[in-house]
Structures are given as C-alpha cells and as structure tokens.
Amino acid sequence: MRLIHPMTSGDVDLARVYAYPDGRCVRVNMVASADGGTWLEGLSGGLSGKGDRRVFGVLRGLADVIVAGAATVRAEGYGPARPRESWRPLREGRPAAPPVAVVTRRLDLDLTGPLFAEAGPDSRTIVITCDAAPRDRREEAARHAEVIVAGHDRVDLAAAVGELGERGLGRVLCEGGAKINAQLAAAGLVDELCLTLSPMLIGGDASRVLDGPASLTRLHLAHVLEEDGFLFTRYIRSPGEPVR
C-alpha cells in the first residue's frame with residue numbers, strides 16, 4: 001500500500017495515519033464502488049479487498065465503540081469485535097476489543113445471537129433505542145446488553161453520542177448503514193469519513209453512503225492511500241463547520 005496524498009516515501013503506518021484526534025470524534029467508515037454503490041448482492045463485503053480489510057481492522061482497533069444500525073447488523077451477521085494481537089498497542093488502558101452499539105427503534109434483534117451471547121464482559125454489546133420502543137423488548141434487551149434510551153419517538157443520535165461519551169466511549173466508529181450515516185450527517189455529528197473506493201462498476205439499486213435527509217457537511221481531504229486499484233480516503237470536517 002502506498003500513500004499518494006500527501007506524497008511520502010516508505011511504508012505506511014495505518015495506526016498513525018488513521019489516529020483519532022483528541023476529544024470526541026464520530027468517524028464513519030464505508031466502502032463504495034466507483035459508481036457510488038455501497039453493497040453488492042446485498043452485502044458490503046463483495047466490494048472489499050485485502051487492503052480494505054486491513055484498514056477496517058485498524059479502525060476497529062483504534063475505536064472506543066463501534067456503532068451500526070440494526071439492519072446492517074442483521075444483514076452482515078454481526079458478532080462482537082474479537083481481540084487481536086495487533087490491537088494491543090492501540091488499546092493500552094482500554095478493553096481488549098471495543099463494544100458494538102446497535103441503533104434500533106423497534107428492538108427487532110436476536111438477543112440470543114452471537115453479538116450478545118459471545119461479547120466479553122469488558123465489551124458488552126450496547127443497544128441504543130428510544131422511549132417508543134416496546135417496553136417488554138427493552139426489558140428483555142437489558143438482560144442481554146447495556147441499554148441506552150436516547151430520544152422519545154425515534155433515536156436521538158446526538159443524545160446517544162453524548163451518552164456514549166459519558167461512558168468514556170468518545171472515539172466512535174460508525175459502520176453504517178447508509179440511513180444511520182445520513183441521520184448522523186443531518187444532526188451535524190460526522191467529524192470524519194473514511195471511504196474506500198472499490199475499482200468496480202455495479203449499477204443496480206445499491207444505496208449511497210448517505211441514504212436519508214439532505215444535509216451539508218463540508219470536508220477536507222486528509223489522505224489517500226492506494227493498493228491494487230482501491231483508494232482509501234480519509235476526509236475530516238472542514239475548519240469552521242459547526243459541531244453539535
């Protein structure tokens with residue numbers, strides 16, 4: 001893999017180029033085809049490659065918490081993040097793996113599945129929901145996960161990010177899907193976008209990185225990496241953009 005912006009020589013230290021800034025940071029990580037689609041045959045993995053999987057692993061190792069919408073968790077068959085030997089220097093003073101936080105209004109989750117049953121005690125899965133969620137499902141979820149109630153009729157993502165920060169989980173990695181990404185952007189919460197561009201044209205009806213209400217977040221390009229035709233970009237909220 002080579003860094004093509006800004007230009008440099010030598011090997012790339014992924015942990016360094018993707019290091020979180022100080023303070024709270026909400027980072028969105030997605031892979032998309034060259035024509036902007038975010039899944040192939042319903043899954044993002046079909047767009048990925050070896051380099052993308054390496055970046056994906058480093059981003060998870062750097063994060064305090066991994067956030068994903070319930071639809072993404074179901075479609076991609078999420079389990080808990082598993083500790084890796086390579087994460088040891090990245091996670092000094094923190095649990096060996098970050099917890100996964102699932103955003104869901106209806107709580108239509110398999111609460112006995114691997115994401116909940118196999119999570120370690122130091123990285124217990126988190127469920128982020130709202131007051132409108134069925135009370136019996138909230139009570140059931142609380143037996144299998146830590147539950148955060150944020151918002152009344154729908155999940156208030158600004159409140160949810162605040163609740164995560166109160167728990168010391170300020171370095172947030174959002175893995176989508178596109179609807180959650182759009183809601184974060186509309187709420188002015190996206191600080192960074194890490195976008196892998198896959199050298200494929202796929203057409204079809206795959207969603208874009210954001211699928212939801214119109215919003216505008218101005219970004220500036222921090223870096224571009226290249227490997228095997230894949231481009232690995234990191235965009236950061238432009239100076240002067242409001243932070244909520």
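How many bridges join strand S2 to S8, and do the two run parallel or antiparallel?

Reply: Happy to! A word on the model first: it is predicted, so local features need pLDDT of at least 70 and side-chain atom pairs count only at pLDDT 80 or more, while totals for chains, interfaces and linings use all residues. Residues are numbered from 1 along each chain as its sequence is written, and side-chain values use heavy atoms, with hydrogens and water left out.

Now to your question: S2 (residues 25-33) and S8 are joined by 7 bridges and run parallel; strands are DSSP runs of E with at least two residues, helices are runs of H or I with at least four, and both are numbered from the N terminus. Two strands pair if DSSP finds at least two bridges between them. Within this pairing, Ala-32 has Leu-197 of S8 as its bridge partner.

S8 also has 6 bridges to strand S10 (residues 230-237), and these two run antiparallel. Here Cys-194 is partnered by Arg-234 in S10.

Stepping back, the protein has 7 helices and 10 strands. Of its 244 residues, 48% count as buried. The C-alpha atoms fill a box of roughly 55 × 40 × 40 Å along the principal axes.

Technical notes
Buried < 20%, exposed > 50% of the residue type's maximum accessible area, 1.4 Å probe, protein only.
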